[in-house]
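User: Please walk me through the structure shown below, one region at a time.

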Amino acid sequence: MNTAITKMFNITFPFVCGTMMNITNAEFVAAVSDAGGLGILASTLYDDKKSFQDALKTIKDRTDKPFAVNLNLFPAIRPVDNDALMEVILEEGVKIVETSGARAPDDIINRLKPEGVKLMHKCVGVRYAVKVAALGVDAVTVVGFENGGATGMLDITTLCLVPAVVNAVDVPVIGGGGVSTGHAIAAILSLGAEAVIMGTRLLLTEECPIHDNLKNALLSSKETDTTLIMRSFKNTHRCLINETVLKVQELEKENAPIEKVLPFIAGDESKKMIQEGDLSSGYISCGQGVGQISKVMPVKELFLELAEELKASNQRVNQMLN
Ligand SMILES: Cc1cc2nc3c(=O)[nH]c(=O)nc-3n(C[C@H](O)[C@H](O)[C@H](O)COP(=O)(O)O)c2cc1C
């Protein structure tokens, strides 16, 4: 498939697997990239330069295909040293970096762009997209309100956000939020995007390192089974409904301070769900597209199936036009 993004990143499919906290580790990223998409390593998984460097080496051992690294700009419980991570990124010759979070990545662009690293920034609104495009990123990723993870405060749906951003910036746009099928991919590309980003759909792949209990829970979830938390802290996240999430919502209704909420949403709590399969512990980000996923597949097979569905969607519409 030929799009501005497949050409820019030298990938087979215009499918980006969004970075996922505690999940997009070296092995999973390698599997996504090796299947012809773009895997993005969650750098927040690594506490020090050495373990981050080892992760990059693992990816390179497993695939010679392009991959990216995410640098986190969201508020974090554990401080993130992006300067140290950038040193390793340059030493190890990482070619693509994604930033995501609440602030503009001026410092990262200034440091990495002159070194020839391709940069993309993920955001949830037109004005942020315009700002980072002006700062010099090579591509902008936008995710609508349906998406799993941070939704921002603007609540603009994917169908409206993607074309608005495409119109507003002159760099290629990667669109997503709620994309779980090739039919949705056809829609995103029709709206003017040059690639799609998916998170939730990739959770239900064989290579995704989450517990089977969680995979089964996601498989039986519908589009109505997600909700928003952390809105009262201006850090809204869409996630799968469970007991902890309902408790957090209750606390937020009572205007509880962040210190009261943190013990429920801390990373270690979510790890109990993701790694040990304790479904009531912590929270997992999850998009409304979860309702359209009916099976767990190897990433390679998934990408081929998505490409077939995308073709079928286009054929269906073309037939309507004839
Ligand atoms: C479990 C999970 C964890 C995520 N963690 C992060 C993260 O740490 N940083 C980030 O920028 N985005 C994160 N995201 C958002 C994804 O990268 C991607 O933008 C989003 O999943 C796309 O929407 P979709 O889930 O509807 O496909 C996460 C998403 C999920 C589902």
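**Loops, strands and ligand**

User: Where does Asn-255 lie?

Analyst: Asn-255 lies in the loop between α11 (243–253) and α12 (258–265). Helices (H or I, at least four residues) and strands (E, at least two) are DSSP runs, numbered from the N terminus. This is a predicted model: local features need pLDDT of at least 70, side-chain atom pairs count only at pLDDT 80 or more, and totals for chains, interfaces and linings use all residues. Residues are numbered from 1 along each chain as its sequence is written, and side-chain values use heavy atoms, with hydrogens and water left out.

User: Is Asn-255 buried or exposed?

Analyst: Asn-255 counts as exposed because its relative accessibility is 66%. Buried means under 20% relative accessible area, exposed over 50%, and partly exposed in between (1.4 Å probe, protein chains only).

User: What is the phi of Asn-255?

Analyst: The phi is near 60 degrees, a positive value in a residue other than glycine. Most residues other than glycine have a negative phi. Lys-234 also has a positive phi, of about 55 degrees, although it is not a glycine. Lys-234 is found in the loop between β10 (226–229) and β11 (237–240), and it counts as exposed because its relative accessibility is 66%.

User: Changing topic: how many residues of strand β6 are buried?

Analyst: Five of the five residues of β6 (residues 139–143) are buried, so this strand is largely enclosed by the rest of the structure.

User: Which residues are on each side of β6?

Analyst: Ala-139, Thr-141 and Val-143 are on one side, and Val-140 and Val-142 are on the other; both faces are covered. In a regular strand the side chains alternate between the two faces of the sheet.

User: Which strand do four bridges join to β6?

Analyst: Strand β5 (residues 118–123) is joined to β6 by four bridges, and the two run parallel. Two strands pair if DSSP finds at least two bridges between them. Lys-122 stands opposite Thr-141 in β6. From β5 the chain crosses through helix α6 (residues 126–135) to β6, in a right-handed β-α-β crossover. Right-handed here means that, with the strands pointing away from the viewer, the path from the first strand over the helix to the second runs clockwise. Strand β8 (residues 173–176) also pairs with β6 in the parallel sense, over four bridges, and Val-140 stands opposite Val-173 in β8.

User: On to the ligand: which residues come nearest?

Analyst: Of the 20 residues around the ligand, Thr-19, Ser-100, Lys-122, Gly-178 and Thr-200 come nearest. A residue is near a molecule or strand if one of its heavy atoms lies within 4 Å of it.

User: What lies 2.8 Å from an oxygen atom of the ligand?

Analyst: That is an N or O atom in the side chain of Lys-122. A polar backbone atom of Gly-199 is 2.9 Å from an oxygen atom of the ligand, and a backbone N or O atom of Met-21 lies 3.0 Å from a ligand nitrogen atom. The protein covers 94% of the 600 Å² of accessible area that the ligand has on its own. Accessible areas come from the Shrake-Rupley method with a 1.4 Å probe; for residues, only the protein chains shown count as cover.

User: Where is Thr-200 placed?

Analyst: Thr-200 is in helix α9 (residues 200–203), and it counts as buried because its relative accessibility is 11%. Its side chain reaches the backbone nitrogen of Gly-287 at 2.8 Å. This is a polar contact: a pair of N or O atoms within 3.5 Å, where, within protein, one must be able to donate a hydrogen and the other to accept it, and residues adjacent in sequence count only if both atoms are side-chain atoms.

User: Which residues is Thr-227 in contact with, leaving aside neighbours within four places in sequence?

Analyst: They are His-237, Arg-238, Cys-239, Ile-241, Val-245 and Gln-249; contact means heavy atoms within 4.5 Å. The side chains of Thr-227 and Gln-249 are joined by a polar contact of 2.7 Å. Thr-227 is placed in strand β10 and counts as buried, because its relative accessibility is 17%.

User: In what order do the three strands of the open sheet come?

Analyst: The order is β7-β11-β10, with antiparallel pairing. The edge strands are β7 (149–150) and β10, each pairing on one side only. Four bridges join β10 to β11, and Leu-240 in β11 is the bridge partner of Thr-226.
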